Amino acid sequence: MRVLLDEHDRIIAAFLLTLKLTGASAVVALLLGIVLAAARISPLPVLRRAGAVYVGAVRNVPLTLVVLFCGLGLGSVLDLRFSADESVQSYWLTVIGLGGYTAAFVCEVLRAGMATVPVGQAEAARALGLTFPQTVRLVVLPQAFRNVVGPLGGLLIALTKNTTVAAAIGVLESATIMKELFNDHGDAVIPIFLAFAAAFLAVTLPTGLLFSRLAGRLTVRQLGAAGAPIAMYDMPGPRARLRGNVLSVAFTVVLLGAGWLLWRRLADTGQFDARLWEPFGTGRVWVNLILPGLGNTLVATVTAVALALPFGVLFGAARLSAYRLVRVPAAAVVEFFRAVPLLILIFFSQFAGYQLGFTVSAFAALTTGLVLYNGSVLAEIFRAGVRAVPVGQAEAGYALGLSTSGVMRLILLPQAVTAMMPAIVGQLVVLLKDTALGFIISYNDLLYQGLDVVAANFQNFIPAAIVVALIYIAVNLTLGQVVTWLERRGRTRRAGPVRDVVTIGVEQPRWDASSA
């Protein structure tokens, strides 16, 4: 505890910077997310395609890569300057990276919220003569925001934890200072870790409760059917088509102009020189660096998945136990590891071994953090899947004489896994992107091999970042297609309506969701 008192000023300053990063990035993400959502539902095809390309690309690359590109690519290579002060410069470049990355998810959340608005709302707005921008601004967006308060709160919590990725470019936020304190006070790793974990818990848990309460109060209760594709503009007539064509040309010119400015900046800094791209045309770089790095990424992913799945099943089942002595500790473990940033868990896994007298490899530290964090998320997914199974399934199992563990193992878990398979695979996609945090602890994954080894040897950071990003996009799009196929398959085999929730153990009282 002495070290916490001696270093309290550094700890407080680091966490205040984390909160500042969260606030500034949240504003950028919200504003850009609204623009992207409007573009993706626009009557202009050029805006829809531009929005779809941005969202699809950003969502399928790791946040670590985005922050590194902003800090080193925009800041160092392209010399985008916000301040002569390096700390201020790094702060704003991090805000751009965090905000731009989170905006893609805000966009998709808002689009989902727009789908909950009854079609009649937009039809009434058009009947009153409102234009497309007026319909979106006055009718659709206000209701969409109210319907997605909960998911937006989840994104804010995720953004708060994601600020630790700024450690990749040396921003003195919580994860960076925690690692420095580990180095300075190797005998106090556990108290330091618990202090930073408690700080994040003090922010994320109340934020989650606040947004859950707001979601319950603000969500629009629909009287009719919703969820159908909402059309916010009629079939255009001659004048509307002419106006749409003019606007399409204007926006195309704007986008081409922005692309040309970016191309000129890249050309002026020599990013199109053949010598920078030549390494990727030789088999030596691919065989010795890129493909081994991709292999290490996949090995870390598969190892973490193999351990996180049983972790999730075990703690998900424990959270449904009839025994309070099992249920409460399991809930504490799951909520703790879900609330603590993944990078902090990775740092703790690495330095805790040093304190105990043995060396923890970068691979072991990375996979341990991935298992603890993603396993806790999977526990909640499994728990939700089990609770979605009709209660009659468990009652029938008990009537046949099965024990509690038999009901769980033979009846509930198989159905829960089938129902939640898209969510499970989706979380595994997130896990694969999270392996990029290994870059910060020098794990030889795809990101490290591409942006550290290749870029350092050939001085081609931006070409290397583009190649690595394309590989991540290809891998994640493939996994995304698997998720889509599983969702379609699940819809065709979905059971009837759920009338109650499942409880594990005959002595546990039933819980009615409507009373919560």
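Two residues are in contact here when they have heavy atoms within 4.5 Å of each other. Everything below comes from a predicted model, in which local features need pLDDT of at least 70 and side-chain atom pairs count only at pLDDT 80 or more, while totals for chains, interfaces and linings use all residues. Residues are numbered from 1 along each chain as its sequence is written, and side-chain values use heavy atoms, with hydrogens and water left out.

View 1. Look for serine 90 in helix 5 (residues 86-115); helices here are DSSP runs of H or I with at least four residues, strands are runs of E with at least two, and both are numbered from the N terminus. With a relative accessible area of 17%, serine 90 is buried; buried means under 20%, exposed over 50% and partly exposed in between, using a 1.4 Å probe and protein chains only. Neighbours within four places in sequence aside, serine 90 is in contact with Ile169 and Val171.

View 2. Rings of Phe, Tyr and Trp (its six-membered ring) pair if their centres lie within 6.5 Å, and planes under 30 degrees apart count as stacked, over 60 as edge-to-face and the rest as tilted. Tyrosine 91 is buried at 11% relative accessible area, whereas tryptophan 92 is partly exposed at 37%. The charged end of lysine 20 sits over the ring of tyrosine 91, 5.5 Å from its centre; this label requires NZ of Lys or CZ of Arg within 6 Å of the ring centre and within 35 degrees of the ring normal.

**View 3. A phenylalanine pair joining two helices.** Phenylalanine 193 and phenylalanine 336 form an edge-to-face pair, 6.2 Å centre to centre with 75 degrees between the planes. Phenylalanine 193 belongs to helix 10 (residues 189-218) and phenylalanine 336 to helix 14 (residues 324-339), so the pair ties together parts that are 143 residues apart in sequence. Phenylalanine 193 is buried at 4% relative accessibility, while phenylalanine 336 is partly exposed at 22%. Ring pairs also bring in Phe337 and Phe348, linking them with Phe193 and Phe336 into a cluster.

**View 4. Leucine 65 in the largest nonpolar core.** This core has 125 residues, and those with the most contacts inside it are Leu65, Ile192, Leu447 and Leu451. Helix 5 gives the most to this core, with twelve residues. A nonpolar core is a set of buried Ala, Val, Leu, Ile, Met, Phe, Trp, Tyr and Cys residues joined through side-chain atoms within 4.5 Å. Not counting residues up to four places away in sequence, leucine 65 touches Leu447, Leu451, Ala465, Val468, Ala469 and Tyr472.

**View 5. Alanine 39 in helix 2.** Here alanine 39 is found in helix 2 (residues 8-40), and at 13% relative accessibility alanine 39 counts as buried. Residues up to four places away in sequence aside, alanine 39 touches Leu47 and Arg48. The C-alpha atoms of alanine 39 and glycine 51, twelve residues apart along the chain, are separated by 5.8 Å.

**View 6. Helix 16, end to end.** The 26 residues of helix 16 (residues 362-387) should span 38 Å at 1.5 Å a residue, and the end C-alpha atoms are 37 Å apart, which agrees. That expected span is 1.5 Å times one less than the number of residues. Helix 16 is mostly covered, with 19 of its 26 residues buried.
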